[in-house]
Amino acid sequence: MRRSIIVLAATVLAGSTFAASVGLWVGAEIADEDAFVASSLESFAVEGSYEAIGASMAAKVIDAYPSLGLLQATLETLFTALVATEPFEPLLVDVATQVYEVAVDGSGNPVLVDLAEYRDVVLESLAAISPDLAARVPAGVFTSFELFASGELPDASLRIDVMTTVGWIGVVVAMAMVVLLVLFLRSGRLALGSIGTALLIGCLLYTSDAADDTQFVGGGG
C-alpha cells in the first residue's frame, strides 16, 4: 500500500509539474499583454509574415475600391515593403494589441487598420514607382478598414483562463506531492531521487508539448 501511494504521488507530481509549467508559461507569455505584443512583433518578422500582411492590406483596399484591381500586385509589393519599415511599427503594435483583445480578452471586435497617418508615406513610395499610379489612388483609401472581421480570429480567452488556472492548481498539487513523498520515503536520498525524476519527467513532457501549446491563438501572432 505504501509503495502504491509513493508511485501514485510521483506520477501525480510529474503530471502536475507539466500542468504548472504550461499554465505558468501561458500566463507569462500569452495572457500578459506586453509579452503577447512583443512576441507578435517578433512573429511578424518571420519570413512570409510581412508578405501576408501586405497582401491582406492590399486586398482590403481593393475590396473597398474595385477600380484599383489592376494595381493589386503593385499594392501588395508596396505594403509588404512598407510594413517592415520603422514608420509602420506603431501600426503593427496596434494590430498586435487588437489581436490580443480578441484572442485573449475575447472582445469579439474586428481588427482595424487606420492608414490615415500613413498617407504621405504610401503616396511617396507609390510615386517613386509611378507618379501616375499615385495620382489614381483615391483619398478615401487612407481611412480605417477591417484587417480581420469580427469572428474571423479565434477567441481563445476561455482556454487561456482554464490553462492559467490549471497551472496554479498544478503548482499547489506539485508542492503537496513533494511533501507527501518526503513524509512517506524514509531515505532522504530516495526521496530526492523520486522527486527529481518526477520533476524531470514533467519538464520533459512540457518541453515536447510546448510547440503545440503555442497554436491556440490561431497560428501566431
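Leaving out residues up to four places away in sequence, S49 touches S43 and F44, where contact means heavy atoms within 4.5 Å. S49 belongs to helix α3 (residues 49-64); helices (H or I, at least four residues) and strands (E, at least two) are DSSP runs, numbered from the N terminus. With a relative accessibility of 18%, S49 counts as buried. Buried means under 20% relative accessible area, exposed over 50%, and partly exposed in between (1.4 Å probe, protein chains only).

The model is predicted, so local features need pLDDT of at least 70 and side-chain atom pairs count only at pLDDT 80 or more, while totals for chains, interfaces and linings use all residues. Residues are numbered from 1 along each chain as its sequence is written, and side-chain values use heavy atoms, with hydrogens and water left out.

Residue T80 is placed in helix α4 (residues 72-83). T80 counts as buried because its relative accessibility is 17%. Apart from neighbours within four places in sequence, T80 is in contact with Y50, E51, G54 and A55. The C-alpha atoms of T80 and A55 lie 7.2 Å apart in space, although the two residues are 25 apart in sequence.

A nonpolar core is a set of buried Ala, Val, Leu, Ile, Met, Phe, Trp, Tyr and Cys residues joined through side-chain atoms within 4.5 Å. In soluble globular proteins, nonpolar side chains tend to be buried together. The largest nonpolar core here has 45 residues, and M57 and L115 touch the most other members. Helix α5 (residues 89-103) supplies the largest share of this core, eight residues. A second, separate core holds twelve residues, including A9, M177, L185 and A198. When neighbours within four places in sequence are set aside, the contacts of L115 are M57, V61, F79, F88, L91, V141, F142, T143 and F145.

Aromatic pairs were considered next. A pair of aromatic rings is described by the distance of the centres and the angle of the planes. Rings of Phe, Tyr and Trp (its six-membered ring) pair if their centres lie within 6.5 Å; planes under 30 degrees apart count as stacked, over 60 as edge-to-face and the rest as tilted. By this rule there are two aromatic pairs. The ring centres of F36 and Y100 are 5.4 Å apart and the planes stand at 65 degrees, so this pair is edge-to-face. F36 lies in helix α2 (residues 33-44) and Y100 in helix α5, so the pair ties together parts that are 64 residues apart in sequence. F36 is buried at 3% relative accessibility, and Y100 is buried at 7%.

The aromatic pair of F88 and Y118 is stacked, with 4.4 Å from centre to centre and 25 degrees between the planes. This pair links distant parts of the chain, 30 residues apart: F88 is in the loop between α4 and α5, and Y118 is in the loop between β1 (111-114) and α6 (119-129). F88 is buried, with a relative accessible area of 0%, and Y118 is buried, with a relative accessible area of 4%.

Residue I195 is placed in helix α9 (residues 188-213). I195 counts as buried because its relative accessibility is 11%. Apart from neighbours within four places in sequence, I195 is in contact with L13, V178, L181 and V182. From C-alpha to C-alpha, I195 and P138 are 68 Å apart in space, and they are 57 residues apart in sequence.
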